[in-house]
Amino acid sequence: MKKCLSYIILLLAFGLLAACSNADPKIAPTQAVDEIKSEVETMEIDDLYICHYHIFRPCIEYKLDFVNQTFWSYNGLNGTKFAQRDHSLANEGFGFVKDLDGKAIEDFWAQAEKLGLNEWGESYIDSEMEGGHQWSMTITYSDGSRKQISGSNQYPENWAEMNAALESLTGESLLILKTTAN
């Protein structure tokens, strides 16, 4: 099995290098791979969805629509009662918060790029802690592809800085940070 998997990986690597080198014979395969990586890193983002969970159910949700330059939110916690967002409603049940300024969006993306948002891992989990704070983020790119990032009681290293960038854009603190002291 291990030998078979190695063979498949080797075939895929040769196929990728061949495809890259066939694109332009003047470009070295490693340069072509770097160009593909660069293209993915600079891909436009259409929207950003952020969700915080309560007892494993979405309770506070945010949607930043960069195409229409709008900010939406939903808070499912009402005192001690929980109400799930109704996706069948207009705007998928989100409430309009505000229009986003084009310059503020540009500033946010410059900050997000500097903070490496596209390099965040897929999962941040503190397996030692039960309950606590669960969150997720979905980045939707202009080509329709998505990147899912989630966590439970653990966060990317620059979570607070990204929260500050989002707060500058929206006027609200979107990335809740909960620790054992909270």
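Student: Which residues do ring pairs link into a cluster?
Tutor: Trp-120, Tyr-124, Trp-135, Tyr-155 and Trp-159. Keep in mind that this is a predicted model.

Student: How are the rings of Trp-120 and Trp-159 arranged, and why call the pair stacked?
Tutor: Their centres are 6.1 Å apart and their planes sit at 25 degrees, so the pair is stacked. Planes under 30 degrees apart count as stacked.

Student: Where do Trp-120 and Trp-159 lie?
Tutor: Trp-120 is in the loop between α3 and β7 (123-125), and Trp-159 is in helix α4. The pair therefore ties together parts that are 39 residues apart in sequence.

Student: Is Trp-120 buried or exposed? And Trp-159?
Tutor: Trp-120 is buried, at 5% relative accessible area. Trp-159 is buried too, at 3%.

Student: How many aromatic pairs does the count come to?
Tutor: Eleven aromatic pairs. One of them is Phe-66 with Phe-108: centres 6.1 Å apart, planes at 10 degrees, so this pair is stacked.

Student: Which parts of the chain does the pair of Phe-66 and Phe-108 link?
Tutor: Distant ones. Phe-66 sits in the loop between β2 and β3 (70-75), Phe-108 sits in helix α3, and they are 42 residues apart. Phe-66 is buried at 9% relative accessible area. Phe-108 is buried at 2%.

Student: Switching to the core. Which residues touch the most other members of the largest nonpolar core?
Tutor: Leu-48, Ile-50, Leu-64, Phe-108, Met-137, Met-162 and Leu-166, out of 30 residues in that core. So Phe-108, with its 2% relative accessible area, turns up again here.

Student: Which elements give two or more residues to this core?
Tutor: β1 (45-54), β2 (57-65), α3 (102-115), β8 (134-141) and α4 (159-170). α4 gives the most, with five residues.

Student: What does Leu-64 touch?
Tutor: Leaving out residues up to four places away in sequence, Leu-64 touches Asp-46, Asp-47, Leu-48, Ile-50, Thr-70, Phe-71, Leu-100, Leu-166, Leu-169, Thr-170 and Leu-174.

Student: And the second core, what does that include?
Tutor: Tyr-49, Cys-51, Trp-72 and Tyr-74 are among its five residues, and it is separate.

Student: Asp-47 was on the Leu-64 list. Where does Asp-47 lie, and what is the nearest side chain of opposite charge?
Tutor: Asp-47 is in strand β1. The nearest side chain of opposite charge is Lys-63, 4.5 Å away. A salt bridge needs the nitrogen within 4 Å of a carboxyl oxygen. Asp-47 is buried yet has no salt bridge.

Student: What else does Asp-47 touch?
Tutor: Besides Lys-63, its contacts are Leu-64, Asp-65, Phe-66, Thr-138, Ile-139 and Thr-140, again not counting residues up to four places away in sequence.

Student: How many salt bridges does the count come to?
Tutor: Two salt bridges. Glu-61 forms one with Arg-85, with the closest N and O atoms 2.8 Å apart. Glu-61 lies in strand β2 and Arg-85 in the loop between β5 (81-82) and β6 (95-99), so the pair ties together parts 24 residues apart in sequence.

Student: Are Glu-61 and Arg-85 buried or exposed?
Tutor: Glu-61 is buried, with a relative accessible area of 3%. Arg-85 counts as buried at 7%.

Student: Which side chains meet in the salt bridge at 2.7 Å, N to O?
Tutor: Lys-103 and Asp-107. Both lie in helix α3, four residues apart, about one turn of the helix. Asp-107 is partly exposed, with a relative accessible area of 41%.

Student: Last topic, β8. How many of its residues are buried?
Tutor: Eight of its eight. Both faces are covered: Gln-134, Ser-136, Thr-138 and Thr-140 are buried on one side, and Trp-135, Met-137, Ile-139 and Tyr-141 on the other.

Student: How does β8 run against β1?
Tutor: Antiparallel, joined by eight bridges. Thr-138 in β8 is the bridge partner of Tyr-49.

Student: And how do β8 and β9 pair?
Tutor: In the antiparallel sense, over seven bridges, with β9 covering residues 146-152. Met-137 stands opposite Ile-149 in β9. The two strands form a hairpin with four residues between them, and Gly-144 in the turn has a positive phi of about 90 degrees.

Note on methods
Residues numbered from 1 in each chain as written. Predicted model: local features only at pLDDT ≥ 70, side-chain atom pairs only at ≥ 80, totals over all residues. Heavy atoms only, no water. Core = buried A, V, L, I, M, F, W, Y, C linked by side-chain atoms within 4.5 Å. Buried < 20%, exposed > 50% of the residue type's maximum accessible area, 1.4 Å probe, protein only. Contact = heavy atoms within 4.5 Å. Phe/Tyr/Trp six-rings, centres within 6.5 Å; stacked < 30°, edge-to-face > 60°. Lys, Arg positive; Asp, Glu negative; His and termini not counted. Pairing = 2+ DSSP bridges.
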